[in-house]
Amino acid sequence: MTKQNNCILLLLLFCVFSSVSAQQTPTFTEYNYNPFIINSAYAGAQPEAEATLSNIGFGSVDFEGAPRSLMFTFNTPLRNEKVGLGVGIINDEIGVTSATQFFAAYSYKIYLNDNAQPYWKVYDRSFISFGLSAGALIYNQDLLSLGIQNDPNFAENINSTLPTAGVGVLLGYGNFFAGVSAPNILSGALTNQDNLNISRPFYGYTGYHFVLNPYQPDFILKPSMLFKYESGAPLQVDTNLSLSFKNAIEIGAGFRTSNTFNALAGFYLLKNFRALYSYTQGGGDSPLRNTHGIVLSYRGGGGYQTR
């Protein structure tokens, strides 16, 4: 691809994503297998500490500047199990724009029962969790590299560091779960640059785990939905379905309202480790035709295996 074409595509990416948050729309594997990335209330929701590393966007398209996200998160319950803590680092790159967010999260759970549930339940105990997060966003746009002349909007680069704050609520009730969150309620309200527009997305997600045979729970069907809303953009809906076999192998697929198709395959290894591969196929006239991703997770104690 020629340098001129690269510049045109970079400009297109800049225009499409000029309202950038520290986290673009999460993929199937991110919000289903690491809800903490969008909802601080998930911190400590599992009985053991969990760390997740993900690389979304490698090998996406054949030109420089395609979107890519690198993320690391860690969350854990404290001894009384009602309080959860977590930290995360998210780096997003697209075109000439890069955004790196560092955040810490706190959650508090109110339990609705005292009895442990069978292993195929999403959560051992039913609860409502409330979460708060705070951190910083380092935002950069290398506009001068586009080489656009005589346009004041591209006359200088943008470099800014902004505070961030988020809120979230999570309900876990046996096999059912639902959450709402706003990872960055401050948006760009505290910036002193008129040409910097940071989006303020709101998320809602829900799902259920169907155990096909409770007496021999080898197969678990997991439908889920994600809703994303932000000002100036249409409501986005993701509909997904995955199937777990003996809590060792998992496959899934889904569809996004922007004519995007998602697919995943994963394995649970050595009791405490999980590895997932995801593929996203774009639709319409978007230059972002496909995205590959890998999510690696470690959970302490009994891990991901049956108990």
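Q: Is Glu50 buried or exposed?
A: Glu50 is buried, with a relative accessible area of 2%. Buried means under 20%, so Glu50 qualifies. Keep in mind that this is a predicted model.

Q: Which salt bridge do Glu50 and Arg299 make, in terms of N to O distance?
A: Their side chains meet at 3.2 Å, N to O. Glu50 sits in strand E1 and Arg299 in strand E15 (residues 290–299), 249 residues apart. The pair links distant parts of the chain.

Q: And Arg299, buried or exposed?
A: Arg299 is buried, with a relative accessible area of 11%.

Q: What about Arg274 and Glu50?
A: Those two side chains also form a salt bridge, at 3.7 Å, N to O. Arg274 belongs to strand E14 (residues 273–281) and Glu50 to strand E1 (residues 50–58), so this pair ties together parts 224 residues apart in sequence. Arg274 is buried, as is Glu50.

Q: New topic. How many salt bridges are there in the whole structure?
A: A search finds 6.

Q: Where do Asp238 and Arg256 lie?
A: First, their side chains meet in a salt bridge, 2.8 Å from N to O. Asp238 lies in strand E11 (residues 236–245) and Arg256 in strand E12 (residues 249–256), so the pair ties together parts 18 residues apart in sequence.

Q: Are Asp238 and Arg256 buried or exposed?
A: Both are buried.

Conventions. Residues numbered from 1 in each chain as written. Predicted model: local features only at pLDDT ≥ 70, side-chain atom pairs only at ≥ 80, totals over all residues. Heavy atoms only, no water. Salt bridge = Lys/Arg side-chain N within 4 Å of Asp/Glu carboxyl O. Helix = DSSP H or I, 4+ residues; strand = E, 2+ residues; numbered from the N terminus. Buried < 20%, exposed > 50% of the residue type's maximum accessible area, 1.4 Å probe, protein only.
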